[in-house]
Amino acid sequence: IRTFAGMLYSRPLLEDVVKEIRKFSPGKISIITFYPQYSLATVGACLRDVKRFLGDFNLKVVDSWCRNDSYISWVKKQLINELKRVSSPYVLFSAHSLPKYLIEKGDIYVKEIEDTVNLVMKDIDVPFEISYQSKVGPVEWLEPSTEDTIVKLAKEGIKELVVFPISFVSEHIETLYEIDVEYRKLATKLGIENFIRVKLNPTDRDLIKAMSEEAVRALREEK
């Protein structure tokens with residue numbers, strides 16, 4: 001299966017990759033994004049542009065892969081590796097936030113985040129909760145925020161905090177700076193002695209297997 005990668009805001013831009021796809025002229029195209037959980041603001045935006053550029057092709061869409069067994073294994077494996085380093089861990093799953101009005105209009109993002117986390121923690125006997133990061137602008141966003149949650153946990157006496165950026169599958173400014181620098185600084189200032197952020201490995205076999213399974217499954221569907 002020939003594979004193409006296109007991005008909305010950086011190179012290789014989707015609009016440029018489309019030219020290569022058209023030259024290849026596939027009979028079917030399976031579309032999968034790097035967002036495991038569906039939201040109109042993320043997956044929806046990607047699919048909108050793909051359909052705009054390639055709407056005349058036979059498109060097979062993967063809306064969500066947040067419950068894929070291989071994806072859950074990928075998250076769990078990385079989390080467990082970090083939990084081995086602490087004696088009294090508390091796990092915080094930090095997801096990218098969204099304006100609250102999207103959820104009120106029926107966006108399933110929060111439900112999908114919760115489903116992923118519950119599947120990951122099904123066999124892990126460690127306290128945990130979910131928070132939301134990266135709020136921008138004046139509108140009301142999802143709560144609780146990761147910043148407020150760190151403050152709360154510090155007040156509750158948590159000393160060892162393991163943070164997993166649950167809605168992400170690769171490293172970027174929201175993991176490398178927002179969590180690793182800003183939130184770490186806040187946690188240390190508030191008395192959290194061991195702040196661990198789970199590193200993301202986008203080339204791990206389980207993650208690749210999850211995406212390939214979903215992409216191929218979509219190609220095989222006849223509807």
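## Aromatic pairs

Searching the whole structure turns up six aromatic pairs, where rings of Phe, Tyr and Trp (its six-membered ring) pair if their centres lie within 6.5 Å, and planes under 30 degrees apart count as stacked, over 60 as edge-to-face and the rest as tilted. One of them is the stacked pair of tyrosine 71 and tryptophan 74, with 6.1 Å centre to centre and 25° between the planes. Both residues belong to helix H3 (residues 69-83), where they sit three residues apart, about one turn of the helix. Helices (H or I, at least four residues) and strands (E, at least two) are DSSP runs, numbered from the N terminus. Tyrosine 71 counts as buried at 0% relative accessibility, and tryptophan 74 is buried with a relative accessible area of 0%. Here buried means under 20% relative accessible area, exposed over 50%, and partly exposed in between (1.4 Å probe, protein chains only).

Phenylalanine 93 and phenylalanine 128 make an edge-to-face pair, 6.1 Å centre to centre with 85° between the planes. This pair links distant parts of the chain, with phenylalanine 93 in strand S3 (residues 90-96) and phenylalanine 128 in strand S4, 35 residues apart. Phenylalanine 93 is buried at 0% relative accessibility, whereas phenylalanine 128 is partly exposed at 31%. Ring pairs join Trp65, Tyr71, Trp74, Phe93, Phe128 and Phe164 into a cluster.

## About the model

This is a predicted model, in which local features need pLDDT of at least 70 and side-chain atom pairs count only at pLDDT 80 or more, while totals for chains, interfaces and linings use all residues. Residues are numbered from 1 along each chain as its sequence is written, and side-chain values use heavy atoms, with hydrogens and water left out.

S3 and S4 pair in the parallel sense over six bridges; two strands pair if DSSP finds at least two bridges between them. Within this pairing, leucine 92 has glutamate 129 in S4 as its bridge partner. S4 is largely enclosed by the rest of the structure, because five of its six residues are buried.

How buried is serine 134? Its relative accessible area is 10%, so serine 134 counts as buried. The side chains of serine 134 and glutamate 174 are joined by a polar contact of 2.7 Å. Such a contact is a pair of N or O atoms within 3.5 Å; within protein, one must be able to donate a hydrogen and the other to accept it, and residues adjacent in sequence count only if both atoms are side-chain atoms. Leaving aside residues up to four places away in sequence, serine 134 touches His96, Trp141, Glu174, Glu178 and Tyr183, with contact meaning heavy atoms within 4.5 Å.

Helix H1 (residues 14-24) has Leu14, Val17, Val18 and Ile21 as its buried residues. Seen down the axis of H1, they fall within an arc of 115°, so they line one face of the helix; the arc is that of the directions from the helix axis to the C-beta atoms. Lys19 and Lys23 are exposed on the other side of H1. The cover over the buried residues of H1 includes strand S1 (29-31) and H2.

In helix H2 (residues 43-54) you will find alanine 45, which is buried at 8% relative accessibility. Not counting residues up to four places away in sequence, alanine 45 touches Leu8 and Leu40.
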